[in-house]
Amino acid sequence: MTARGGPPRDAAALRAALARARAPGTPKDITERARAGLLAWLDASAMRPVPELIRDLASGAVATQIGHAMLGQVAAPPGLACAAGCAFCCILPGADGATITGIEATALHDALAPLDGPDGTAWHPEACPSLDPVTRMCRAYDARPMICRTYVSTSAEACAAIAEGTPAPGPMTHPAQITYLTAHALARDALRGAAAVPTYSLKRVAAAATRSTPDPLKQARHAPKALEAERRRLARGLSRAR
Ligand code: SF4
Ligand code: SF4
């Protein structure tokens, strides 16, 4: 059975479900690039049990792998102002911060939970708690989510202005960001009825980890509409830039 007729029970049904999954609103070329990544991963995983495949799709492990591969294949735009210790992009206005997958939420939490000392809010009240307030370096650098790896800018001044609520040109996301979110959305559609495919709030995961909040991932889990809203927001920005 497939996504439209019930949960996929074998690799062939999973392949069919991924092949027909939809991500309305994302440009077709990006949707098909994300789908190609999912199907290539599935073909390379043919010997693994289906429950493991479903687990890796649901956690975002596959989407994140696709994003990382694309980061290695597609060069960053020229003229970027990004540098170590430049952290205006780590000021995350509002309670949510950004959309991350389950595997990213777990990795970020596990990297931050053993740490103590002041967090990013000692530098700026809206900064990500992962940030070191003195060096302005990420304290979970190796575990930082895809959004942190893909957000870049030609102007640090623009990032500073945006952090304070003033729109300015310069910041952009590497195409790996929308591709990985689209892959995650396709996985969600394909696994409908078989497994939840959640997303999480970056800022709430980081805050819970640094403050030892009970049930950190549970309280940071998004409502399902958050992934769709973020994917469509990125798609609109991409359409304007084309
Ligand atoms: S995105 Fe902006 S704030 Fe972040 S490192 Fe680049 S220039 Fe600095
Ligand atoms: S996880 Fe690290 S890189 Fe990402 S917003 Fe937080 S401090 Fe910045």
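Ligand 1 is surrounded by Ala-81, Cys-82, Cys-86, Phe-88, Cys-89, Tyr-151, Val-152, Ser-153, Ala-156 and Cys-159, where a residue counts if one of its heavy atoms lies within 4 Å. Two elements give two or more residues each to this shell: β2 (151-153) and α7 (156-163). The largest share, three residues, is from β2. By class, the shell has nine nonpolar, one polar and no charged residues. Here Ala, Val, Leu, Ile, Met, Phe, Trp, Tyr, Cys and Pro count as nonpolar, Asp, Glu, Lys and Arg as charged, and the others, Gly among them, as polar.

This is a predicted model, so local features need pLDDT of at least 70 and side-chain atom pairs pLDDT 80 or more, while totals for chains, interfaces and linings use all residues. Side-chain values use heavy atoms, without hydrogens and water, residues are numbered from 1 along each chain, and chains are lettered from A and ligands numbered from 1 as written.

Now for helix packing. Helices (H or I, at least four residues) and strands (E, at least two) are DSSP runs numbered from the N terminus. α4 (residues 61-73) packs on α8 at about 160°, axes 8 Å apart, with axes fitted to C-alpha atoms over the stretch in contact and angles running from 0 to 180 degrees between N-to-C directions. The pair is therefore roughly antiparallel (over 145 degrees). Ala-63, Thr-64, Ile-66, Gly-67, Met-70 and Leu-71 of α4 meet Ala-176, Thr-179, Tyr-180, Ala-183 and His-184 of α8, with contact meaning heavy atoms within 4.5 Å. Those residues divide into seven nonpolar, four polar and no charged.

Conventions. Parallel < 35°, antiparallel > 145°, perpendicular 65-115°, else oblique.
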